[in-house]
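Me: Please take a close look at the aromatic residues and the nonpolar packing in this structure. I would like one connected account.

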Amino acid sequence: MADFGYDISNFTAIDPLFGTMDDFDEMIEEMHKRDIKLVMDFIPNHSSDQHDWFINSRQNRTNEYADYYMWYEPEPECWASINYTMPDDEIVCLPNNWVSVFSGSMWEWEPKREQFYLHQFLKEQPDLNWRVEIIETEMMDAMEFWLKKGVDGFRVDAIKHQYEVEDVYQNETANPGDRKSVV
């Protein structure tokens with residue numbers, strides 16, 4: 001578990017650390033008997049790198065999960081100059097200089113795909129690609145699952161991180177007073 005459980009490995013399961021689905025069902029039943037509402041944390045921006053979607057997505061660029069995440073080529077001029085072989089110092093080819101919420105680059109190299117994936121938080125929390133319709137469908141299905149279980153509402157976490165600019169090859173202006181820069 002990374003980031004205190006904010007790395008979601010399954011959007012419709014209970015982590016065993018917190019009990020079982022039977023425990024959850026019993027808890028929500030007892031809460032509702034006492035007229036207590038349950039508002040559940042929901043994190044649609046990213047999943048865990050241990051989620052089946054990401055495990056499959058990182059394998060290649062052609063499987064059914066290939067577009068579930070934010071995958072990008074290295075910075076174009078750099079990539080062309082190295083003749084499609086990633087150098088030992090891969091930071092020179094990052095798509096841009098964006099800094100994660102927790103400092104350091106937002107980009108992590110995946111050798112199997114020969115692409116970087118975006119993670120606005122920890123590298124174990126790859127960002128989902130909300131520009132493909134399947135992600136909206138998957139997230140709505142997950143929310144519907146919990147609503148049918150009796151959840152009364154959601155606190156949506158990290159919503160402001162859900163979309164990035166479409167042209168990711170833009171660098172941010174360096175801000176020395178901000179998080180650790182990667183420029």
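Reply: Rings of Phe, Tyr and Trp, the last taken by its six-membered ring, count as a pair if their centres lie within 6.5 Å. On that basis the structure, which is a predicted model, holds 15 aromatic pairs. One of them joins F145 and W146, with 4.9 Å centre to centre and 85 degrees between the planes. That pair is edge-to-face because its angle falls over 60 degrees. F145 has a relative accessible area of 28% and is partly exposed. W146, at 2%, is buried, because buried means under 20% relative accessible area.

F11, F42, W53, Y65, Y68 and F154 make up one aromatic cluster.

Next, the nonpolar packing. In soluble globular proteins, nonpolar side chains tend to be buried together. Here the largest nonpolar core has 16 residues. Those with the most contacts inside this core are F11, W53, Y68, Y69, L128, I135 and M139. Two elements give two or more residues to the core, namely helix 2 (52-57) and helix 4 (133-149). Helix 4 gives the most, with 3 residues. F11, W53 and Y68 are named both in the aromatic cluster and among the core residues with the most contacts.

Leaving aside neighbours within four places in sequence, Y68 is in contact with W53, D127, L128, N129, I134, I135 and E138. Among these partners, W53, L128 and I135 are also listed with the most contacts inside the core.

D35 lies in the loop between helix 1 (21-33) and strand 1 (39-42). Phi of D35 is near 60 degrees, a positive value in a residue other than glycine. D35 is exposed, with a relative accessible area of 62%. E114 sits in the loop between strand 3 (107-110) and strand 4 (115-118). Phi of E114 is also positive, near 55 degrees, and E114 too is a residue other than glycine. With a relative accessibility of 38%, E114 counts as partly exposed.

Notes: Residues numbered from 1 in each chain as written. Predicted model: local features only at pLDDT ≥ 70, side-chain atom pairs only at ≥ 80, totals over all residues. Heavy atoms only, no water. Phe/Tyr/Trp six-rings, centres within 6.5 Å; stacked < 30°, edge-to-face > 60°. Buried < 20%, exposed > 50% of the residue type's maximum accessible area, 1.4 Å probe, protein only. Helix = DSSP H or I, 4+ residues; strand = E, 2+ residues; numbered from the N terminus. Core = buried A, V, L, I, M, F, W, Y, C linked by side-chain atoms within 4.5 Å. Contact = heavy atoms within 4.5 Å.
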